[in-house]
Amino acid sequence: MIIAKLAYKSLLNRRASVLLTLFTIAISVMLLLSIERVRIDAKSSFSNTISDTDLIVGARTGDIQLLLSSVFRIGHTNNGVSWKSYEYITSQRGVKWSIPISLGDSHKGQAVLGTTLDYFSHYRFAKKQNLTFNKGHPFAAINEVVLGSEVANKLGYKLNDSIVISHGMGNTSFHHHDDNPFKVVGILNPTGTPVDKTLHIPLAAIDLIHGGKASLEHEHEHDEHNNLVGHPKQITAFLMGFNSPLYTLQIRRNINQYKPEALLGIMPTVTLKELWEMLAIVEKILLLFSAVVVLVSLLGMLTTLLANLSQRRRELAILRSVGARPWHLFTLISIESLLTTLLGCLVGSALYYLVIFSAGGYLQSHAGISVNITILSYYELGLIGVIMAAGFIIGLIPATRAYFYSLSDGMSIKA
């Protein structure tokens, strides 16, 4: 206890250099924990984007390309699925529900998705959570639109506002459908998925505005038989749910062997896993970056301790003169390095929670990553334990040097 108290007093006496070392370690710990948390929650958010959907069907392309275009609104497919094929496939035995989706339009850089009311009934995200409304209700007319939460917040829209969509994805629009405005009738609650960045309109509206109809308003007023679906020539893709997993495998095989047109059926859970495996190299790079930052901070502590050791020759010589043995000096230096590392880890953990709390909303709205603020997991505590062990081992280098110097009387006070 006396040596521990002496180590504490010694750190206070050299607080300027100690604080610098402590801060460096704290920053490295904060970066390591933050990167690990974002990595884990990013993986979880990817997996939670779509849930309880057995198959996604689209034109034959790569599995990941179909998933990215239909679910994440990233990229696009060159071909679509004919409406005739959609009706035939979804009429097969075992199909519980289906959701047609049509992409290709946008509004101020946000994706526009044409679909049916089944989208609001059967689309699931996270752990089978259904879509809910913050305001309003699903579209009930051909000229109505439902907004994702981020679209409404970012662009400042509210119920009954008028919106004009454009042909073309992203910020590249080739034609504005000014003669066919849509009225906002619903705003969804946040989901942390691409749904938040999407405008949802009736599938029939996509067909009509691209088919040259003069006015959706006119169509709404005079077509009493309008069912919000219409008869499109083709759609981008469609989602399916089945009564049994056996039907999933059977119909997926039939879709991939479908003769009238080249189609592809993918199981989103399997494809999401493949996607994350492709991104495994990014995980490793992030982890390596964190490890390098930690290593640099610990080497900085080693450099400081070694530099201070030569400056503390008088102090250590005095300790030897009052009866301190070489192993006392060894223990003193070791405890100092251990205390510095411990305090750095504690401050780094506090900074980690501060960063996660401050950046959580930004990551949710801009990256779709839902960050969970929880107590440190066993894995994260294990990482801190590794840092503590590394700091202690590094501290043994100057401690050993002080020990052998004392044995050879290297601590003698020289005139």
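Is Tyr86 buried or exposed? Tyr86 counts as buried, at 7% relative accessibility; buried means under 20% relative accessible area, exposed over 50%, and partly exposed in between, with a 1.4 Å probe and protein chains only.

Two notes on the source. This is a predicted model, where local features need pLDDT of at least 70 and side-chain atom pairs count only at pLDDT 80 or more, while totals for chains, interfaces and linings use all residues. Residues are numbered from 1 along each chain as its sequence is written, and side-chain values use heavy atoms, leaving out hydrogens and water.

Back to the rings. Phe, Tyr and Trp rings (the six-membered one for Trp) pair if their centres lie within 6.5 Å; planes under 30 degrees apart are stacked, over 60 edge-to-face, and the rest tilted. That rule gives eight aromatic pairs. One of them, Trp83 with Tyr86, is tilted, at 4.7 Å centre to centre and 35° between the planes. Trp83 is also buried, at 9%. Elsewhere, Tyr119, Phe120, Tyr123, Phe133 and Phe139 form one aromatic cluster.

Last, Leu338, in helix α13 (residues 326-367). Leu338 is partly exposed, with 32% relative accessible area. Beyond neighbours within four places in sequence, Leu338 is in contact with Met388 and Phe392, contact meaning heavy atoms within 4.5 Å.

Methods
Helices (H or I, at least four residues) and strands (E, at least two) are DSSP runs, numbered from the N terminus.
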